[in-house]
Amino acid sequence: MKAVAIIPARIASTRLPRKILREIDSRTMLDRVYNAAKAASALADVIVATDSQEIMDVCNKHGWNARLTSDQHRSGTDRIHEVAQSVAADVYVNVQGDEPLARPEHLNTLLELMRDESVQVGTLKTPCGKEDVANPNAVKVVTDKTGRALYFSRSTVPYDRDSHGDIAYYKHLGFYAYRKTTLDRFCGWPESSLERSERLEQLRFLENGTAIYVAETPYDTIGVDTEADLKRVEEILRSRRQ
């Protein structure tokens, strides 16, 4: 199984401008994400997909594989789809560029899931800490007994109506793996109603009847969208060195 990771990387970020090139403990966010992906043994290649010449210049300076893509894409998935038209692979992995705590273990676990050829889309979950159960920026996922996703939500799901207190909550991690035909279909579908409501792109798959299977990892991550997120990541990295 040939798997290629593609890192969609935009310079224009609404909430945290130029975040992809922000330094965290002397290394840019993109540096951390790219090298984590390169260390994943299950990947054949890692490609940065960007609409920014500045990011292309950074990639060229470091010898990172990168492709310049259209600046008209609505999402990182559309950017990945453009690159997938000219790069052959059995599986394409979406590694978001604002995940500086990404680890090779995330990607190897995800790709182990994709060894089952019946799985068209895969992603990851991790046990949800108490601080994130009610946090709308931490997306929760509920699965069936086979690992198939039933729903993703910013709300607290499942809801503990009788306050038993023994419910296991899972946080969704934004790593995805797709087969080419399924990625093609996804990018041809219009935005779905649940996707629009939750602002969660993966719900487009579920609303169109495409199953997403979810593997579990013990390694949490923090997607960086704000200065506060950046500080949390810096604190975690500092604590690892101690």
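Y92 has Y178 as its bridge partner in strand 10. Two strands count as paired if DSSP finds at least two bridges between them. Strands (E, at least two residues) and helices (H or I, at least four) are DSSP runs, numbered from the N terminus.

Strand 1 also pairs with strand 6. Here the strands run parallel, again with 4 bridges. V4 has Y92 as its bridge partner in strand 6.

## Basis of the model

The model is predicted: local features need pLDDT of at least 70, side-chain atom pairs count only at pLDDT 80 or more, and totals for chains, interfaces and linings use all residues. Residues are numbered from 1 along each chain as its sequence is written, and side-chain values use heavy atoms, with hydrogens and water left out.

## Burial of strand 6

How many residues of strand 6 are buried? The count is 5 of the 5, over residues 91-95, so strand 6 is largely enclosed by the rest of the structure. Buried means under 20% relative accessible area; exposed means over 50%; partly exposed lies in between (1.4 Å probe, protein chains only).

The side chains split by direction. V91, V93 and V95 point one way from strand 6. Y92 and N94 point the other way. All are buried.

## Salt bridges

The whole structure holds 17 salt bridges. Each needs a side-chain nitrogen of Lys or Arg within 4 Å of a carboxyl oxygen of Asp or Glu. One of them joins E54 and R18, at 2.6 Å from N to O. This pair links distant parts of the chain, 36 residues apart. E54 lies in helix 2 (residues 53-62). R18 lies in the loop between strand 1 (3-9) and strand 2 (23-24). Both ends are partly exposed: E54 has a relative accessible area of 35%, and R18 has 39%.

E191 and R199 meet at 3.0 Å, N to O. E191 is partly exposed at 25% relative accessibility, whereas R199 is exposed at 51%. R204 and E195 form another salt bridge, at 2.9 Å from N to O. Are R204 and E195 buried or exposed? R204 is buried, with a relative accessible area of 2%. E195 is buried too, at 5%. Salt bridges also form a network, which links K19, D98 and D225.

## Overall fold

The protein has 9 helices and 11 strands. Its C-alpha trace spans about 55 × 45 × 35 Å along the principal axes. The radius of gyration is 17 Å. A compact globule of 242 residues would have a value near 18 Å, so the protein agrees with that expectation. The radius is taken over C-alpha atoms, and the globule rule is 2.2 Å times the number of residues to the power 0.38.

Buried residues make up 49% of the 242 residues. Among contacts with a separation of 6 or more, 67% join residues 24 or more positions apart. A contact means heavy atoms within 4.5 Å. The protein exposes about 11,700 Å², and carbon and sulfur atoms supply 46% of that area. Accessible areas come from the Shrake-Rupley method with a 1.4 Å probe; for residues, only the protein chains shown count as cover.
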